[in-house]
Amino acid sequence: MSAQVFADKVQFGLTESIGMAEATVSMSGIDALMRAADHALYQTKAEGRNR
């Protein structure tokens, strides 16, 4: 996702990257789920913008 933002008469662009993970029975808890989502986020960022 990307957007143009105006703040105090200054225009700049914003983009966002999202990492998603699916909880599985084999995960040890919320920390494992968060690590998986974090890994997905950085994998997406490494693949380039707007994907």
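The pLDDT is the predictor's confidence in each residue, on a scale from 0 to 100. In this predicted model, the protein chain has an average pLDDT of 84, and 92% of its residues score at least 70. Among the elements of the chain, helix H1 has the highest mean value, 89, whereas strand E1, formed by residues 2-7, has the lowest, 81. Where pLDDT is low, the predicted coordinates should not be read in detail.

Helix H1 comprises residues 30-47. Its length agrees with expectation, because 18 residues at 1.5 Å a residue should span 26 Å, and the end C-alpha atoms of H1 are 26 Å apart. Within H1, the residues Ala32, Ala37, Ala40 and Leu41 are buried. Just after the helix, Gly48 adopts a positive phi of about 115°.

When residues up to four places away in sequence are not counted, Leu41 touches Ser17, Ile18 and Gly19. By contrast, Ser26 lies 15 residues from Leu41 in sequence, and the C-alpha atoms of Leu41 and Ser26 are 21 Å apart in space.

Leu14 is classed as partly exposed because its relative accessible area is 43%, a value between the limits of 20% for buried and 50% for exposed residues.

Technical notes: Residues numbered from 1 in each chain as written. Predicted model: local features only at pLDDT ≥ 70, side-chain atom pairs only at ≥ 80, totals over all residues. Heavy atoms only, no water. Helix = DSSP H or I, 4+ residues; strand = E, 2+ residues; numbered from the N terminus. Contact = heavy atoms within 4.5 Å. Expected span 1.5 Å × (residues − 1). Buried < 20%, exposed > 50% of the residue type's maximum accessible area, 1.4 Å probe, protein only.
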